[in-house]
Amino acid sequence: MIKAVVFDVGECLVDETREYGTWADWLQVPRHTFVAQFGAVIAQGLDYRETFQVFRPGFDLHEEREKRAAAGKPEWFGEDDLYPDVRPALTQLRADGLWLAIAGNQTVRAGRILRELFTGDVDLIGTSDDWGASKPDLLFFERVAEVTPAEPSEVLYVGDRLDNDIRPAATAGMRTALIRRGPWGWIQQNDPAAADLATFRIDSLAELPYLIVKFNAEAR
């Protein structure tokens with residue numbers, strides 16, 4: 001049975017359209033050009049950070065984040081950047097008695113924003129910076145398992161990326177839900193591995209409550 005649901009952040013809870021647009025502005029390249037290159041990098045199976053190298057060779061994402069912060073333009077997302085299905089889904093899943101968490105590859109700064117937005121809505125919020133481990137490293141999912149009051153097979157990890165979320169979570173023994181939205185969700189949707197690795201394939205978080213109830217009923 002599924003007793004806990006853990007959510008990725010970018011393109012699962014947070015629509016990152018605006019944030020990547022601000023990176024294009026920071027690099028002083030047209031937004032549509034940045035987005036096109038971003039998609040090309042993902043389609044080739046490369047690390048998304050290679051996108052920045054195309055426009056500025058030697059680009060260091062950590063250093064540039066700090067420069068943006070110093071310039072008064074830090075990474076930021078707010079209520080308006082959440083997908084509209086997020087709040088209703090969290091409310092229903094909690095009403096159904098599930099333990100809920102948010103865990104993704106996020107900075108300390110982003111972790112603070114997540115806690116401002118979701119404290120009271122979920123039971124735990126953890127980030128790669130908090131744990132010293134980043135997806136797709138299995139150590140990240142071991143950290144998730146350590147803080148979740150359920151066995152790995154009772155945990156559902158929800159994410160938009162087959163490579164970063166679904167494959168390593170499944171390897172860690174967790175159930176998985178692959179959501180089709182954002183660049184990775186659409187580009188990776190036809191990968192044959194998605195059918196083999198994902199417990200659920202969804203287009204909206206609103207689908208989760210019913211699917212989990214059905215799954216648990218069949219597991220009894």
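Is Tyr 20 buried or exposed? Tyr 20 is buried, with a relative accessible area of 15%, where buried means under 20% relative accessible area, exposed over 50% and partly exposed in between, for a 1.4 Å probe and protein chains only. This is a predicted model, in which local features need pLDDT of at least 70 and side-chain atom pairs count only at pLDDT 80 or more, while totals for chains, interfaces and linings use all residues. Residues are numbered from 1 along each chain as its sequence is written, and side-chain values use heavy atoms, with hydrogens and water left out.

**Packing of H1 and H2**

Helix H1 (residues 17-27) packs against helix H2 (residues 31-43) at an angle of about 115 degrees, and their axes are 9 Å apart. Helices (H or I, at least four residues) and strands (E, at least two) are DSSP runs, numbered from the N terminus, and axes are lines fitted to C-alpha atoms, for helices over the stretch in contact, with angles that run from 0 to 180 degrees between N-to-C directions. H1 and H2 are therefore roughly perpendicular to each other, given that angles under 35 degrees count as roughly parallel, over 145 as roughly antiparallel, 65 to 115 as roughly perpendicular and the rest as oblique. On the H1 side, the contact (heavy atoms within 4.5 Å) is made by Tyr 20, Gly 21, Thr 22, Trp 23, Ala 24, Asp 25 and Leu 27, and on the H2 side by Arg 31, Phe 34 and Phe 38.

**Aromatic pairs**

A pair of aromatic rings is described by the distance of the centres and the angle of the planes. Rings of Phe, Tyr and Trp (its six-membered ring) pair if their centres lie within 6.5 Å, and planes under 30 degrees apart count as stacked, over 60 as edge-to-face and the rest as tilted. By this rule the model has 14 aromatic pairs, and two of them are set out here.

| Pair | Centre to centre | Angle between planes | Class |
|---|---|---|---|
| Tyr 20 and Phe 38 | 4.7 Å | 50 degrees | tilted |
| Tyr 48 and Trp 184 | 6.0 Å | 85 degrees | edge-to-face |

Because Tyr 20 lies in helix H1 and Phe 38 in helix H2, their pair ties together parts that are 18 residues apart in sequence; Phe 38, at 5% relative accessibility, counts as buried. One aromatic cluster is formed by Tyr 20, Trp 23, Phe 34, Phe 38, Tyr 48, Phe 52, Phe 55, Phe 59 and Trp 184.

**Backbone and loops**

Lys 135 and Pro 136 are joined by a cis peptide bond with omega of about 10 degrees, and Pro 136 is found in the loop between helix H7 (128-131) and helix H8 (138-147). Glu 11, in the loop between strand S1 (4-7) and H1, has a positive phi near 65 degrees although it is a residue other than glycine, and Glu 11 is buried, with a relative accessible area of 4%. Gln 28, also not a glycine, has a positive phi of about 60 degrees; Gln 28 lies in the loop between H1 and H2 and is exposed, with a relative accessible area of 73%.
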